[in-house]
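Work through the exercises below with the model open. Try each task before reading its solution.

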There are 2 protein chains.
Amino acid sequence: MNELQDPTQRDLHGSGAVTFSMRSEYGVRFMVALTRMDHGEPVSLTDIADQEDLPRAYLEQIIGGLRDAGLIDSQRGAHGGYRLARPANEVRMGEVLRALEGPIVPMACLAAAGSPCNRADNCTVSQLWSRVRDSVNEALDSFTLADLAKPSSPVALSSSTKH
Amino acid sequence: MNELQDPTQRDLHGSGAVTFSMRSEYGVRFMVALTRMDHGEPVSLTDIADQEDLPRAYLEQIIGGLRDAGLIDSQRGAHGGYRLARPANEVRMGEVLRALEGPIVPMACLAAAGSPCNRADNCTVSQLWSRVRDSVNEALDSFTLADLAKPSSPVALSSSTKH
DNA sequence: TCAATTCCGACGAAACGTGTCAGAAATCCC
DNA sequence: GGGATTTCTGACACGTTTCGTCGGAATTGA
């Protein structure tokens with residue numbers, strides 16, 4: 001229903017790396033939609049799922065991470081729903097993505113805090129992965145939620161001095 | 001044999017995103033090892049796999065992409081093996097990774113050349129993904145193969161003027 | 001001719017991503 | 001209190017991808 005798979009696009013061996021999952025896509029769109037729809041009362045998940053055309057039950061599951069990270073507040077019961085826990089311009093997208101996906105780390109090698117690889121001696125390669133990791137995190141943190149919630153203006157970043 | 005899985009490390013929901021696969025890890029280590037071992041005659045896959053302790057048959061399969069991309073030359077038959085097709089300091093790691101993984105794209109949204117999303121209208125979110133994509137590619141291209149093949153020096157980058 | 005080596009396709013097992021579902025718990029309103 | 005609404009939680013199912021093995025064909029040097 002959704003996978004066109006253009007035959008001219010050679011399917012090398014899977015094609016597509018360093019990807020965020022649908023989880024991230026949905027989670028980010030949830031946050032943006034919530035920012036736009038938040039006007040005091042909590043916004044229900046159904047409203048957001050309808051608005052953004054997202055699978056509601058799946059979204060429900062994804063949102064847990066955002067709540068646990070303290071990015072959104074929830075209220076149960078009738079007329080319940082979600083609210084941003086902080087103003088949108090104080091929420092860096094890096095926080096959102098890390099809440100959704102866990103630590104952003106391009107190679108298992110870097111996951112264990114203490115020891116990089118077991119081949120620590122001359123593993124110059126880990127320099128490459130850590131540079132990538134830092135770049136991704138910087139890129140994510142250069143956006144705030146407010147930046148993405150603005151209707152359409154080309155690329156007005158808010159408060160990043162660099163880059 | 002390799003997954004310790006420290007129980008204190010809460011397994012949020014899979015933990016680890018934006019990751020390169022083993023394919024990349026192995027492929028990069030192959031290239032680095034080849035750079036170090038290349039002294040005129042072709043180096044056999046078995047030698048490299050032994051040296052780097054990589055699964056040989058799997059590596060064989062991975063290398064196809066590197067050959068097709070013109071990064072390495074191969075010679076079949078007895079005393080055959082692989083050689084770098086170009087000097088190591090002229091090979092950007094971005095080329096290597098793209099040869100291994102296909103285009104580096106953080107979200108399916110950006111994969112199709114023409115249309116970004118089907119929700120093209122107000123999809124401000126795609127700005128985020130494309131910034132990340134550019135950052136990753138820049139980070140990868142800021143290293144050459146020669147940088148990684150040097151024994152150990154901290155972080156001496158060669159020919160990147162920026163950053 | 002024989003041994004070494006790359007090349008290629010098929011196969012299998014395990015992990016992961018993407019959802020669905022049912023039901024429990026909380027909250028509001030009458 | 002009772003019923004409607006909504007979040008919360010865990011289990012499950014299904015397809016795809018990753019990781020790797022295997023066997024054999026093609027190529028080359030001695």
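Angles of 65 to 115 degrees between axes count as roughly perpendicular. Keep that range at hand for the first exercise. Note also that this is a predicted model.

**Exercise 1. Two helix pairs in chain B**

Task: Find how H1(B) and H2(B) are oriented to each other, and list the residues that make the contact.

Solution. 
- Step 1. Read off both values. H1(B) and H2(B) pack at about 110 degrees, and their axes are 10 Å apart.
- Step 2. Compare with the range. The angle falls within 65 to 115 degrees, so H1(B) and H2(B) are roughly perpendicular to each other.
- Step 3. List the residues. H1(B) brings B:Arg29, B:Phe30, B:Ala33, B:Leu34 and B:Met37 to the contact, and H2(B) brings B:Asp47, B:Ile48, B:Gln51 and B:Glu52.
- Step 4. Sort them by class. The contact of H1(B) with H2(B) has 5 nonpolar, 1 polar and 3 charged residues.

Solution. 
- Step 1. From H1(B), the residues are B:Arg23, B:Tyr26, B:Gly27 and B:Phe30; they meet B:Leu59, B:Ile62, B:Ile63 and B:Leu66 of H3(B).
- Step 2. This contact of H1(B) with H3(B) divides into 6 nonpolar, 1 polar and 1 charged residues.

**Exercise 2. The layout of chain A**

Task: Which elements make up chain A, and in what order do they run from the N terminus?

Solution. 
- Step 1. Count the elements. Chain A has 6 helices and 2 strands.
- Step 2. From the N terminus the pattern is α-α-α-β-β-α-α-α.
- Step 3. Check burial. Chain A has 163 residues, and 33% of them count as buried.
- Step 4. Look at contacts between residues at least 6 apart in the sequence of chain A. Of these, 58% join residues at least 24 apart.

**Exercise 3. Where the chains meet**

Solution. 
- Step 1. Chain B gives 41 residues and chain A gives 40.
- Step 2. Look at the chain B side. Helix H1 (22-37), helix H4 (93-101) and helix H5 (125-141) of chain B each supply at least two residues there.
- Step 3. Find the main contributor. H5(B) has the largest share of that side, with 10 residues.
- Step 4. Sort the chain B side by class: 22 nonpolar, 13 polar and 6 charged residues.

Task: Is A:Val18 buried or exposed?

Solution. 
- Step 1. Locate A:Val18 in the segment before H1 of chain A.
- Step 2. Apply the cut-off. A residue with 20 or more other C-beta atoms within 10 Å is buried. A:Val18 has 25 such neighbours, so A:Val18 counts as buried.
- Step 3. Name its partners. Leaving aside residues up to four places away in sequence, A:Val18 touches A:Pro106, B:Val18, B:Phe20, B:Ile104, B:Pro106 and B:Val136.
- Step 4. Check one distance. A:Val18 and A:Pro106 are 88 residues apart in sequence, yet their C-alpha atoms are 7.3 Å apart.

**Exercise 4. The core**

Task: Which residues touch the most other members of the largest nonpolar core?

Solution. 
- Step 1. The largest nonpolar core has 79 residues; A:Val96, A:Val136, A:Leu145, B:Val96, B:Val136 and B:Leu145 touch the most other members.
- Step 2. Follow one of them. Not counting residues up to four places away in sequence, A:Val96 touches A:Gly27, A:Val28, A:Met31, A:Leu71, A:Val91 and A:Leu145.

**Exercise 5. The surface near the DNA**

Task: Which residues are closest to DNA strand C?

Solution. 
- Step 1. In total, 27 residues surround DNA strand C, and the closest are A:Ser21, A:Met22, A:Gly77, B:Leu45 and B:Ser74.
- Step 2. H3(B) supplies the largest share of this surface, 4 residues.
- Step 3. By class, the surface near DNA strand C has 8 nonpolar, 14 polar and 5 charged residues.

Technical notes: Residues numbered from 1 in each chain as written. Chains lettered and ligands numbered in written order. Predicted model: local features only at pLDDT ≥ 70, side-chain atom pairs only at ≥ 80, totals over all residues. Near = placed C-beta within 6 Å. Nonpolar A, V, L, I, M, F, W, Y, C, P; charged D, E, K, R; others polar. Contact = placed C-beta atoms within 7 Å. Axes fitted to C-alpha atoms, helices over the stretch in contact; angles between N-to-C directions. Parallel < 35°, antiparallel > 145°, perpendicular 65-115°, else oblique. Core = buried A, V, L, I, M, F, W, Y, C linked by C-beta atoms within 7 Å. Buried ≥ 20, exposed ≤ 12 C-beta atoms within 10 Å, placed from the backbone.
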